[in-house]
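Thanks for coming. I will take a few minutes to walk through one structure, starting with a sheet and ending with some rings.

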Amino acid sequence: MNCVRTSAIRAAATSRFATAAAAAPRTAAAASMQVRHGSSIDTSEYQSPFLGATAYRTTKIPDFSKYRVPAGTARKNQVFSYFMVGTMGALSAAGAKATVQDFLVSLSASADVLAMAKVEVDLSSIPEGKNVIIKWRGKPVFIRHRTPDEIMEANKVDISKLRDPQPDAERVKKPEWLVMLGICTHLGCVPIGEAGDYGGWFCPCHGSHYDISGRIRKGPAPLNLEIPEYEFPEEGKLVIG
Ligand code: FES
């Protein structure tokens with residue numbers, strides 16, 4: 001009987017101990033939850049790894065100190081920079097000018113073309129009352145050494161009755177020398193000298209008559225014979241063009 005009671009006591013004690021042991025972890029977990037969510041936690045002890053602790057730095061900044069400009073040398077560098085910029089600017093401007101100049105020169109007429117642009121005539125070889133025809137830029141040019149009578153005849157014409165009114169003085173630089181293009185103003189034939197009804201030039205193509213000043217007097221031509229650019233650079237010399 002005693003033996004049975006002893007066994008019952010032991011069983012009850014073991015059961016109480018097991019219950020206590022099972023309740024202990026639950027109490028610890030509850031305490032832990034309370035610490036994690038509780039408002040009474042003291043955080044002053046926390047240290048961030050990003051607040052400058054040397055042990056946590058991961059960025060390495062190179063040392064640029066040897067590239068720094070020593071104090072007092074900045075002005076010297078500025079002068080050198082200005083000099084280089086100025087020199088390069090001047091060289092570039094000179095190069096650009098030479099390029100543009102060469103390009104424009106290449107567009108201008110060559111020396112042989114320029115030589116053909118002007119024709120020099122020795123007037124001493126043309127006697128009074130005679131015509132000479134020369135070629136200038138592929139066109140015929142009439143040069144007439146007029147007599148005093150021809151000059152007088154040219155001046156006494158009433159220009160108000162002309163188809164292309166023009167006084168003789170406007171058509172010549174020296175009254176004795178008449179210089180004009182030998183191309184009919186109708187359709188471009190070359191008139192014949194010392195012919196026609198007015199003693200000047202006659203175009204046989206359609207019958208135009210020009211007087212001793214080269215003005216149209218009769219026929220289908222609408223205008224006087226054209227006067228080219230010319231000058232007398234010295235006595236006895238004529239330059240056309
Ligand atoms: S081309 Fe001279 S009159 Fe016609």
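Which residue in S10 does Val119 stand opposite? The residue is Ile240. Before going on, please keep in mind that this is a predicted model.

Val119 and Ile240 bring us to the pairing of two strands. S1 and strand S10, residues 237–240, pair in the antiparallel sense over four bridges. They belong to an open sheet of three strands, in the order S1-S10-S9, with antiparallel pairing. From one strand to the next, the twist averages 30°.

Now the chain as a whole. Its secondary structure comes to four helices and 10 strands. Reading from the N terminus, the elements run α-α-α-β-β-β-α-β-β-β-β-β-β-β. The chain has 241 residues, and 22% of them count as buried. Among contacts with a separation of 6 or more, 51% are between residues 24 or more positions apart. The accessible surface is about 17400 Å², and carbon and sulfur atoms hold 61% of that.

Next, the aromatic rings. A pair of rings is described by the distance of the centres and the angle of the planes. There are two aromatic pairs in the structure. In one of them, Phe142 and Trp201, the ring centres are 5.9 Å apart and the planes are at 5°; planes under 30 degrees apart count as stacked, so this pair is stacked. Phe142 lies in strand S3, residues 139–145, and Trp201 in strand S6, residues 201–203, so the pair ties together parts 59 residues apart in sequence. Phe142 is buried, at a relative accessible area of 3%, and Trp201 is buried too, at 2%.

The other pair is Tyr230 and Phe232. Their ring centres are 5.6 Å apart with the planes at 85°, and over 60 counts as edge-to-face, so that is what we call this pair. Tyr230 is buried, with a relative accessible area of 5%. Why does Phe232 count as buried? Its relative accessibility is 18%, and the cut-off for buried is under 20%.

Each of these two rings also has a lysine over it. Lys173 lies over the face of Tyr230, 4.8 Å from the ring centre. For Phe232, the charged end of Lys174 sits over the ring, 4.7 Å from its centre.

That is my tour; I will take questions now.

Conventions
Residues numbered from 1 in each chain as written. Predicted model: local features only at pLDDT ≥ 70, side-chain atom pairs only at ≥ 80, totals over all residues. Heavy atoms only, no water. Phe/Tyr/Trp six-rings, centres within 6.5 Å; stacked < 30°, edge-to-face > 60°. Buried < 20%, exposed > 50% of the residue type's maximum accessible area, 1.4 Å probe, protein only. Lys NZ or Arg CZ within 6 Å of the ring centre and 35° of its normal. Contact = heavy atoms within 4.5 Å. Areas by Shrake-Rupley, 256 points an atom, 1.4 Å probe, with all protein chains shown as cover. Pairing = 2+ DSSP bridges. Axes fitted to C-alpha atoms, helices over the stretch in contact; angles between N-to-C directions.
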